Amino acid sequence: MRVLLVEDDRMIAAATEQALRDATYAVDCVGDGGSAQLAVNTQQYDLVLLDLGLPRLDGFHVLRHLRDNKIDTPVLIVTARDALEDRIRGLDAGADDYIIKPFEMDELLARMRAVLRRHGGSGSPVLSNGEIGLDPASREMNFEGVAQRLSAREFSLMQSLMLRPGAILSRQDLEDRIYGWNEEVESNAVEYLIHSIRKKFGNHIIKNVRGLGWMVSKEK
Ligand code: CA
């Protein structure tokens, strides 16, 4: 899951970025509205975490830019406690939810999961294709009687596949979903993750499509 964090307060940005990484998200961080617009034009995100009070172009501009350009990435806005009007304006402009500063990281992560779940069209917290069950809150995966907690990267890879059962994801697709801008990616990182997941759950949990990439089975 790749997240764009738009926040001009460096302290909040650093703390949030770390918490998101710890929670297995790939995070790109920008500090103003113009950079945010550039980022969403060039990279596909699963979620945008958007502070409204930003230098130069504010968060409302970024939100409008997204929706005017038919980019339907879910947006979680971050606002001040007393800014009721901003929250209403943000939701009406196409934001999916909001969180009030100062916030607890656990609440932020839970709201992000809820927004992503609704956006994926599923009310259930557990991702499932009928064979594999993957719980984003605990990072536990179930497959053919085996239940194990995944590492952060393993979870990130499985989540990318499980959000599109039956779709083939290339190495590049997977790297984009697992790693942010500033993270170095080893050339065989994706293969290594797949190998370690197969070791725990069996080879056929992830299918190879020769020359194209990998997939999990479509719901039966
Ligand atoms: Ca701000």
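**Pocket, cavity and packing in a predicted model**

The lining of the largest pocket comprises 20 nonpolar, eleven polar and nine charged residues. Here Ala, Val, Leu, Ile, Met, Phe, Trp, Tyr, Cys and Pro count as nonpolar, Asp, Glu, Lys and Arg as charged, and the others, Gly among them, as polar. The model is predicted, so local features need pLDDT of at least 70 and side-chain atom pairs count only at pLDDT 80 or more, while totals for chains, interfaces and linings use all residues. Residues are numbered from 1 along each chain as its sequence is written, and side-chain values use heavy atoms, with hydrogens and water left out.

The largest pocket holds about 880 Å³ of space. On a 1 Å grid over the protein atoms alone, a pocket is an open set of points with protein on both sides within 12 Å along at least five of seven lines; lining residues have an atom within 4 Å of a point. Grid points are joined across faces, edges and corners, and a volume is the space filled by probe spheres set on the points. In total, 40 residues line the largest pocket. Met-1, Leu-116, Arg-117, Gln-159 and Leu-163 lie nearest its centre. Two or more lining residues come from each of α5 (105-119), β6 (127-128) and α6. The most come from α5, which gives five. Helices (H or I, at least four residues) and strands (E, at least two) are DSSP runs, numbered from the N terminus.

Helix α6 was examined next. It is largely enclosed by the rest of the structure, because nine of its eleven residues are buried. Buried means under 20% relative accessible area, exposed over 50%, and partly exposed in between (1.4 Å probe, protein chains only). Among the buried residues of α6 are Phe-155, Leu-157 and Gln-159. The buried residues of α6 pack against β6, β7 (132-135), β8 (140-143), α7, α8 (189-201) and β11 (213-215).

The loop between α6 (152-162) and α7 (171-178) holds Ile-168. Leu-169 is found in this loop as well. Ile-168 counts as partly exposed, because its relative accessibility is 38%. Leu-169 counts as buried, at 5% relative accessibility. Contact means heavy atoms within 4.5 Å. Not counting residues up to four places away in sequence, Ile-168 touches Asp-173, Val-209, Leu-212, Gly-213, Trp-214 and Met-215. Leu-169 and Val-209 are 40 residues apart in sequence and 9.2 Å apart in space, C-alpha to C-alpha.

A search of the whole structure gives one cavity of 30 Å³ or more. A cavity is a set of grid points where a 1.4 Å probe fits but cannot get out. About 40 Å³ of space lies in the largest cavity. Its lining is formed by Leu-5, Val-6, Glu-7, Ile-12, Thr-16, Leu-49, Asp-51, Val-78 and Phe-103. Each of β1 (2-6), α1 (10-22) and β3 (47-51) gives two or more of the lining residues. By class, six are nonpolar, one is polar and two are charged.

Strands β4 (residues 75-80) and β5 (residues 97-101) pair in the parallel sense over five bridges. Two strands pair if DSSP finds at least two bridges between them. Leu-76 has Asp-97 in β5 as its bridge partner.
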